[in-house]
Amino acid sequence: MLNEIFIKPFADMVGAPDFLLQVLWEGLVSGILYALIALGFVLIYRSSRIFNFAQGIMVVFAALTLVGLHAMGVPAWICVILTLGVMFVLAVTIERVVLRPLVGQPDIILFMATIGITLFLIGFGEIIFGGENKVMITSELGIPTDSVLLEPWGGLLILEQKDITAVVVAALLVVALLAFLNKTRMGRAIRALGDDHQAALSVGISLQTIWVLVWFIAGIIALVTGIAWGARAGVSFALEVIAYKALPVLMLGGLESITGAIVGGLMIGMLEKLFEIYWGQPLLGGNTETWFAFMLALIVLLFRPQGLFGERIIERV
Amino acid sequence: MKHFTRLAAAAALGALMGGTALAEGLYTPNLAYRTGPFAATGIPIMNGQKDYMELLNARDGGIGGVPVDFEECETGYSTEKGVECYEKTKGRAIVTQPWSTGITLQVLPKTNVDEIPILAPGYGFSPMADGKVFKWAFNTPLSYWDGASIILEYLSQQGDLKGKKVAFLHLDHPFGKEPLPYLEMKAESQGFELLPIPVGLKEMQNQSAQWLQIRRERPDYVIMWGWGAMNAGAITEAVKTKFPMENMLGVWWAGHDADLNLVGEAGKGYKSVSWSFPNPDAPIMADLQKYLVEPGNTLSNPEEMAGVFYSRGLVISMMLAEGIHVAQAHFGKGEISPSELRWGLENLNLTEERLAELGMTGMVPPFSTSCANHTGHSGGWILEWDGAKFTKASDLIMPDSAAIAELEEAKAKEYAEANAPWPMNDDCKM
């Protein structure tokens, strides 16, 4: 047994390095997509202290809007613009109808409100688009769908071009987001609101504008995530459950940290794949991805309750 | 928007009809799942089921002159909601159609007490076939063990399975695990290596780890026990991993046209076992066109109606309607009770001639049931995806009844002992 745990997995990694690279690549792709979903959570939490339970269904709603519009004969890139418009309208509506009347209420009330948004979007989405699995308009958006076959160490490494595209676009989105938050007035306003609500309001930052903005950015992230996941296995309401994979990412990285979301997503994506392939499948019968990320996050929380990159809260009593 | 308009029209029609003619009649609730992660599988089947009953009402005034009150209770494939739906509908229901192996297992003991037959066509607990133990449960025309047996028989026809490696990619759920006892038994007797690979509910659309395992283990065949979003996830990963599609076979719930449309040509050669098949020339399809499509009374569309799953929905409702018809004829009355329907379902005799009378030739193999045989074990076809649609790739293949009967009897006995005191069907002397 000790051999199975401590020696064989590493011997397998060394024995088939091309396969190890494939495992790491698949982990990276999953990880970057987890990170994207987690980013949506973090942005909203930073600016409003709301844990947005609706992030997962926003991914589904954005992807369904995109393919739904295309099914009506609208050209692909116009669909992207129109979908962004829909996500903006959704952000404004959520701020006006749900959040504004609840300003000043305890966090749990706002959290419950996002559960309400989730249930509404599920029902509304199913009425408008139906529950059938739909094909993502991958090639119509110019995303290549072939595979790149490499032969490292005489082995085989398969890289899907749509996965490469997803990784590149996600990386660009993260860079753009960081630049926006650090280099622009609005970005700094979002950060200020996250750091100290009262102080930010006292210098004239508009809570309503910032909330619309962050929900809209979360909508953009949801659209990119929806395209990336939808290109892998179609667009359906099952995509929503993938959002739950972002929860351990947030626990690991910290709810307020953009860096934490990215590092946490990549760590979980890659570690859960490595564990599943080299330990989970041979020793535990597989399907360890269901719980591994939560176990990892739990272990981190034992030592760093604020997560790896979260802010340590010290309160005087 | 078109979908919305249809739904609104259907809701209005339902409300109108619910308040008048159909308030009384043969109440046959369906614990449907048109929402949630499994909706893609559920919608075409539910549409087929609903349309068949609507057709009987529109064309024949119901069954034996009594209108069918066909109502859906949405479960989203959730076991908890399914049990709630069962409790909500059992007062008036003459049958329960639980629509998930998890829900079936939960309501199975309750139906003994409430004395309502369970109709679980092609799903549920395989030993339900043993009518002497499971008096109130029916899983016509094939059980999951039958399905696994037909797949193994087909693979054996391609070459001896001895020494081969067979991966069993399955949903980590009661449904996905159901054929394992049979496959394990056959792996031992036929000498092949069985490699079970579970897929968690949250991993259905991200099966890269499972397919990395398949790449590493290099199985000769992959048998897929998938439902809903798992099917599309597996097929796209199979294409990506370059697994030979002709060596991948799925259960009947993994043979949905819409799932294969995601990969189109790349899915060519993929196979699925099936106990139903669409027949566009069958008279029933012309009747559906006349009585439902033209007046705009269906939630379906031409593409879906031509598919395997819609056709299966029609067959499922036909089996229920036939059970009602047989019971009405035997008891000499239109309004029947649940126990009378149970008798009807125990005495189905769907011959080629009867299927022709029903306008459904070729859509389901002939089969019959008895008090001891609640499944019928009709046999099934292997369907193959040709890049655009499923075609028949085999003649009718029968399951290994002897091996299955032995296992059914043992597992039924085990279940009854574990749930003692379990009421047996003492009236059955077969």
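Me: In which loop of chain B is B:Pro141 found?

Reply: The model is predicted: local features need pLDDT of at least 70, side-chain atom pairs count only at pLDDT 80 or more, and totals for chains, interfaces and linings use all residues. Residues are numbered from 1 along each chain as its sequence is written, while chains are lettered from A and ligands numbered from 1 in the order in which they are written. Helices (H or I, at least four residues) and strands (E, at least two) are DSSP runs, numbered from the N terminus. B:Pro141 is found in the loop between β4 (137–138) and α5 (144–158) of chain B.

Me: What is omega for the cis peptide bond between B:Thr140 and B:Pro141?

Reply: B:Pro421, in the segment after α16 (401–418) of chain B, is joined to B:Ala420 by a cis peptide bond with omega near 0°. For the cis peptide bond that joins B:Thr140 and B:Pro141, omega is about -10°.

Me: Is B:Trp99 buried or exposed?

Reply: B:Trp99 lies in the loop between α3 (79–89) and α4 (101–114) of chain B, and its phi is positive, about 60°, although it is not a glycine. A residue is buried if 20 or more other C-beta atoms, placed from the backbone, lie within 10 Å of its own, exposed if 12 or fewer, and partly exposed in between. Because 29 other C-beta atoms lie within 10 Å of B:Trp99, this residue is buried.

Me: With which residues is A:Arg46 in contact, leaving aside its neighbours within four places in sequence?

Reply: A:Arg46 is found in helix α2 (residues 17–48) of chain A, and it counts as buried because it has 20 other C-beta atoms within 10 Å. Two residues are in contact if their C-beta atoms, placed from the backbone, lie within 7 Å. Leaving aside neighbours within four places in sequence, the contacts of A:Arg46 are A:Ile190, A:Gly194 and A:Glu256.

Me: Which element gives the largest share of the side of domain 1 of chain B that touches domain 2 of chain B?

Reply: An automatic or database domain assignment sets the domain bounds; for chain B it gives domain 1 (2–143 + 279–378 + 408–418) and domain 2 (144–277 + 381–401). In chain B, 29 residues of domain 1 are in contact with 28 residues of domain 2. On the side of domain 1 of chain B that touches domain 2 of chain B, the elements giving two or more residues are α2, α4 and α13 (308–331) of chain B. The largest share, five residues, comes from α13(B).

Me: How many residues does the contact take from chain A?

Reply: From chain B, the contact takes 36 residues. From chain A, the number of residues is 35.
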